[in-house]
Amino acid sequence: QGRYNPAEIEPKWQQRWDADLALYAAEGHDSGKPKYYCIEMLPYPSGQLHMGHVRNYAIGDALARHMWMRGYNVLHPMGWDAFGLPAENAALKNNTPPREWTLANIAAMRKQMQRLGLSYDWATEVTTCLPEYYRWNQWFFLKMFEAGLAYRKKSKVNWCPDCQTVLANEQVVDGRCWRHEDTIVEQRDLTQWFLRITKYSDELLDGLDKLEGWPEKVRTMQRNWIGRSEGTLVDFAVDGEVKAADCAKITVFTTRVDTIFGATSVQLAPEHVVAKAFAAEDAALAGKIEELLAQQTLAREAGDVGGIEKHGVDTGRFAINPFNGERVPIWVANYILADYGTGAIMSVPAHDERDFEFARKYGLSIKQVIVPKAEAGDSELPYTAEDDAVLVDSGEWTGEGCVEAQQKMAAFAKENGFGTATVTYRLKDWGVSRQRYWGTPIPMVYCVNGHEGVEPGGVVPLPESALPVVLPPQVDITQQGGSPLGRVPEFVNTTCPVCGGAARRETDTMDTFVDSSWYFYRYTDAKNSNAPFASEKANYWFPIDQYIGGVEHAILHLIYSRFWTKVMRDLGLIKNDEPAARLFTQGMVIKDGAKMSKSKGNVVSPDDMIARYGADATRMYALFAVPPDKDLEWQEDGVAGISRFLSRVYRLTTKYSAVASVGGASRGGTAVEQKLLRKLHQTIAKITLDFSGRWHFNTSIAATMELVNEIVASEAAIDDGDVSPAVVAEIFRNLVLLLAPFAPFFAAELWEQIGGEGVIFRVPWPMADADLLREDELEIPVQMNGKLLNVVKVPVGSTEDVVKAAALVDAKVVARIVGKTVVKVIVVPGKLVNLVVK
Ligand code: ANZ
Ligand code: ZN
């Protein structure tokens, strides 16, 4: 009889697994087995796994092992999202080049993963910061440029004057730089590269309806992010003369053209061309608009128009409502987004909350034009309903219902040449230029003197043969100011691939979300040096059967990778429209009620847990404590509890290992045997079900604990010879198989000890025997007037009278009906007893 010692077992098996490259290798697409592609989101190589990773990977690993045991050809890969700013920060802090820092971290984390016993096929490992990988980012960029999907334009960006670089929105914290708490982030106009994701807006939106294997909350977040909105464009002529071009009219975007007779002003974003034109003619106004621009720019950019204090300036100018010829004042206001719709609105205070608030603050007039259909005229303002509401004081549309009026009025605007129905999206093209070192170089040059068709300084794409454009290894990133690559003359100065004259390379690098947009395709053919991957391999493995990761990636990563998939499909590389058929977002790991973080000092290190309790207990606890979609409060007691459970199983299994390995043919008929077998097969059925649904592994593990309790309760009987060797063998063999997805080292060790043949993770998953599942007692709920009183047990197949009697003698039931009259007893055979009581 052995004592469970994970410190001995785990390294022993790890060594064997590390040496056996075929163990977790996926088979080719000609394997003949059904395929299963299971991926956990790849980590950023920060240097250390945290508990959130452990949980994420434990879920995927259990699933992958289960599917292997179910006979699938499984691809279960891992990689590294290895570009990004932290490597540059670490380089500044520790004086280590980003590449060295990153590769050392990857080595350390790969070791941790192996120590955890995760079943990755390391032959397919993908590291995004290596030229073997990022050259394909460049290749895709060229393909997109050719297809008109990559283009340059001037745009507004967050700029930190201390870092001298563009910041992503997530790197702006309360309007300040994440690295310089005292530095206010500025908005700058920079020429940037964009990817035309908006070409796919409708497809990205409509596709969500079909992604039934994705959590509804993720689909909702993506729908809101895409933000499709049907409305009308209406031109308001500017009254009087404006010198600047394109300023004779203001086009507004409205979803409620039916309220247009209630428009009492036109509101412009401070960046709007007409606002700029008025400012050019009026210095005082220019100053006020400047102030608006400085205020809360970021809050507006982030789309948070509801929360901020609204400010505005009257321009003193007027616009003409084309529906009724009314002159309304033109204002400039901070709650109008420059890059949504047309950056201009008609303000209808009577029917829009924001306009109402603004009108009250500045004393603008409020004119009601919509009333409830039922009791016309009696509604509180702002009155925002459109269903069951009708127009008043709206010329020829008076009396129409809102929804019909919207269509008719849009058509009227179109006929008369001052508007049209339209669709607007919140989704913007994806700005991918970063003024950073540690990213993929953009494969474009600027021909200094120009050549035919290209003006001096014009863009020239590199030919495919020039790829990869390798990131120079030695770059001084300590200096501030613009893109670090711009300070490396050997990199910058090159020749034009078309005319051979002098050219300068693009010195910005790509957003790291590019790397993660298609990495999972590369896993299917990670060593390919002629193409990003072979189509037939990707077509075999895709779509991903199960993608598992944090909900923080619900929007950006998952929208960008859906976009990339559609682009690759249109390039003819793949056949699938969506990358992942099913998505699972696991909950966070928290400690003392808060997300684990260094600043809170509540980090539990996986290494510590492994040293104390072993990898199996650590992983199993991560699965056991709560369902995987819920937040997990880390409690060391719980890990210790799992470790005790494993010790118990270890003691029992090794105690009976000799019997278990011999086994025997006959299944006994003694009562203990029946009881044990029933419990075993119920457990098999339960866990199998948990694996095919929402993976409530917490209940799977609880079920194995119950099974083990039953074994312990029968220990004396087994020792007395009341359980045949065949049954002992069946129990332990299956118990070990059931634990294999959750505690792989442990299961492999015990499998060997009970004489199991071959690699346990390839042994067919146990099947529940339906005959053995059946209970000989049934639990019947007893109700009084439909309310549950108690549950009573009766033998299976009991007659109606027996069930009725059992219900009426039950102590709890008796206590509740005493002194009352039982008018009727209804028995639904095998299901329920209901007492009708007066
Ligand atoms: C007049 C109106 C009357 C509006 C009314 C609403 C209700 P969604 O649904 O989000 O697309 N809007 C348009 N462009 C804007 C911008 N750049 N910044 C801020 N607000 C803008 O919202 C469309 C509505 O938001 C538009 O319809 C417009 O206000 C406002 F009773 O026009 B509405
Ligand atoms: Zn040239």
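Colleague: Which residues make up domain 1, domain 2 and domain 3?
Modeller: The bounds come from an automatic or database domain assignment. The protein is divided into domain 1 (140–196 + 429–510), domain 2 (229–424) and domain 3 (777–837).

Colleague: What pLDDT do local features need here?
Modeller: Residues are numbered from 1 along each chain as its sequence is written, chains are lettered from A and ligands numbered from 1 in the order written. This is a predicted model: totals for chains, interfaces and linings use all residues, side-chain atom pairs count only at pLDDT 80 or more, and local features need at least 70.

Colleague: How far apart are the C-alpha centres of domain 1 and domain 3?
Modeller: Domain 1 has two segments, 140–196 and 429–510, while domain 3 spans 777–837. The distance between their C-alpha centres is 77 Å.

Colleague: Which strands pair with β14?
Modeller: Strands are DSSP runs (E, at least two residues; helices are H or I, at least four), numbered from the N terminus. Two strands pair if DSSP finds at least two bridges between them. β14 (residues 327–333) has three bridges in the parallel sense to β12 (residues 265–268), and six antiparallel ones to β13 (residues 312–320). The partners are β12 and β13.

Colleague: Which residue takes a positive phi in the hairpin of β13 and β14?
Modeller: Six residues sit between these two strands. Among them, with phi near 70 degrees, is Gly325.

Colleague: Is Phe742 buried or exposed?
Modeller: Phe742 lies in the loop between α25 (725–739) and α26 (744–753). A residue is buried with 20 or more other C-beta atoms within 10 Å of its own, exposed with 12 or fewer, partly exposed in between; C-beta atoms are placed from the backbone. Phe742 has 26, so the residue is buried.

Colleague: Which residues beyond four places in sequence are in contact with Phe742?
Modeller: Contact means such C-beta atoms lie within 7 Å. Ile701 is 41 residues away in sequence, yet 8.4 Å from Phe742, C-alpha to C-alpha. The contacts are Ala62, Arg619, Met620, Leu623, Phe697 and Ile701.

Colleague: Which residues of α26 meet α20 (residues 636–655)?
Modeller: From α20 come Leu646, Tyr650, Thr653 and Thr654. In α26 they meet Phe746, Leu750 and Gln753.

Colleague: Are Asp388 and Asn785 buried or exposed?
Modeller: Both have positive phi without being glycine: near 55 degrees for Asp388, near 45 degrees for Asn785. Asp388 is in the loop between β16 (370–372) and β17 (389–391), Asn785 in that between β31 (777–784) and β32 (787–795). Asp388 has 11 other C-beta atoms within 10 Å and Asn785 has 12. So Asp388 is exposed, and Asn785 is exposed.

Methods. Two residues are in contact if their C-beta atoms, placed from the backbone, lie within 7 Å.
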